[in-house]
Amino acid sequence: MKATKKQIDDLNIELTLDIVKEDYEGIERKKIAERKRTADFRGFRKGMVPESLIRRVYGDQILAESVNQVISKGLQDFIEENGLNVLGEPLGSENQPEVEWKDGNAFTFLFDIALYPEISVEAGKDDTVTSYNVTVSAKEKSGMKENLKKYYEEQKEEKTDEDLDKEVSERLGAEYRNEAEWKLTSDIRKYFVEKADVKLPEAFLKRWLAVNNEKMEAEELDRQFPGFLEDFRWQLVRGAFMKKYGFKVEQADLEDAARAYVTYQYAMYGMGSVPEEIIRNNAEQMLSDRRELDRLIEQVEDRKVMEQLRKDITISSKRIGSEKFRELK
């Protein structure tokens, strides 16, 4: 088998595999022998079916399986021998020539291979991100106060203006502190993704997602793709910082994250005093679910990296009105 590499750009390779009869005939003979031993045809004892009949009935299937086995090994060998950090898995090229599946033929297969980009990024005091201290407008306070007043009147509950003013200030203050905190985290992410200037093989990634999500409509893929790219770029940057800082996700980190999530979920339903055994059992169940485990790993990595970045960079505080703050989103 001959493997020919065509470097499209830094992140994309087109690989051509030229396969001749000698590459697959040994595999094919073994598969025919295996099928002959197990084939059950009327009029023949098991193991005594003629090879010509096996080839006539199963020949096309065996040929395809044999060639695909050669392809799989060829791709694996090429990736390992060249030390490639492959993104996703190789895809059949859109330039693939037509294949005539005939025993004894030579075959040519083209594959698109995408590579992970090299990420180089540093964090220091020269990196500045703004943290917003939001001042709530009188108009917004007034609106919430009126809504609360109506609510308490409907509940036949008396509240003084002083009580209402205090509740409004506490509610809106907490709301905007949470939103400002979320924005700071989001802005730090965006800042370092832009600083790292992460390039991605976008066309390949879109094809790869389509192949691995066959049920997803093209319009839905188009809609979700920009968000996927944004998250993926941050994932790569976060991974670079995890390596730079020498951080690892330990089992204890995952257990703490699972317990915190379960506790939060119960609190959302107004259940603040859940027995420890229930919390522990639900957390263990989360950790046994592969998708949940992956989500928790990302959550822990995010926390570790973000905590360190906040220490390493300069965070400048800026006072801003609530109406202007909402325009920033």
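Q: Across which strands does helix α5 (residues 202–212) lie, and at what angle does the helix run to β3?
A: In this predicted model, helix α5 (residues 202–212) lies across β2, β3 and β4. The angle between α5 and β3 is about 75°.

Q: In what order do the four strands of the open sheet stand, and is the pairing parallel or antiparallel?
A: As a general idea, strands of a sheet pair through backbone hydrogen bonds, and the pairing may be parallel or antiparallel. Here the order is β1-β2-β4-β3, with antiparallel pairing. At the edges stand β1 (2–9) and β3 (86–92), each of which pairs on one side only. On average, and with direction ignored, neighbouring strands of this sheet are turned by 20° against each other.

Q: How many bridges join strand β2 to strand β4?
A: Strand β2 (residues 12–19) and strand β4 (residues 107–115) run antiparallel and are joined by eight bridges.

Q: Which side chain meets that of Arg55 in a salt bridge?
A: Side chains of opposite charge can pair when their charged atoms come close. In this structure, the side chain of Arg55 forms a salt bridge with that of Glu51, at 3.0 Å from N to O. The count of salt bridges in the model comes to 30, with 4 Å as the limit between nitrogen and carboxyl oxygen.

Q: Why are Arg55 and Glu51 separated by about one helical turn?
A: Both residues belong to helix α2 (residues 51–81), and the separation is about one helical turn because they are four residues apart.

Q: Which residues line the largest pocket?
A: The largest pocket holds about 370 Å³ of space. Its lining consists of Glu181, Trp182, Thr185, Ser186, Arg189, Gln299, Asp302, Arg303, Met306 and Glu307. Two or more of these residues come from each of α4 (161–196) and α9 (290–312). By class, the lining has five charged, three polar and two nonpolar residues.

Q: Which helix gives the most to the lining of the second largest pocket?
A: Helix α6 (residues 218–245) gives the most, with eight residues. The lining includes Gln235, Leu236, Arg238 and Phe241, together with Ile119, Val121 and Glu301. About 210 Å³ of space lies in this second largest pocket. Its lining residues divide into five nonpolar, four charged and two polar.

Key. Residues are numbered from 1 along each chain as its sequence is written. This is a predicted model: local features need pLDDT of at least 70, side-chain atom pairs count only at pLDDT 80 or more; totals for chains, interfaces and linings use all residues. Side-chain values use heavy atoms; hydrogens and water are left out. On a 1 Å grid over the protein atoms alone, a cavity is a set of points where a 1.4 Å probe fits but cannot get out, and a pocket is an open set with protein on both sides within 12 Å along at least five of seven lines; lining residues have an atom within 4 Å of a point. Grid points are joined across faces, edges and corners, and a volume is the space filled by probe spheres set on the points. Ala, Val, Leu, Ile, Met, Phe, Trp, Tyr, Cys and Pro count as nonpolar, Asp, Glu, Lys and Arg as charged, and the others, Gly among them, as polar. Two strands pair if DSSP finds at least two bridges between them. Axes are lines fitted to C-alpha atoms, for helices over the stretch in contact, and angles run from 0 to 180 degrees between N-to-C directions. Contact means heavy atoms within 4.5 Å.
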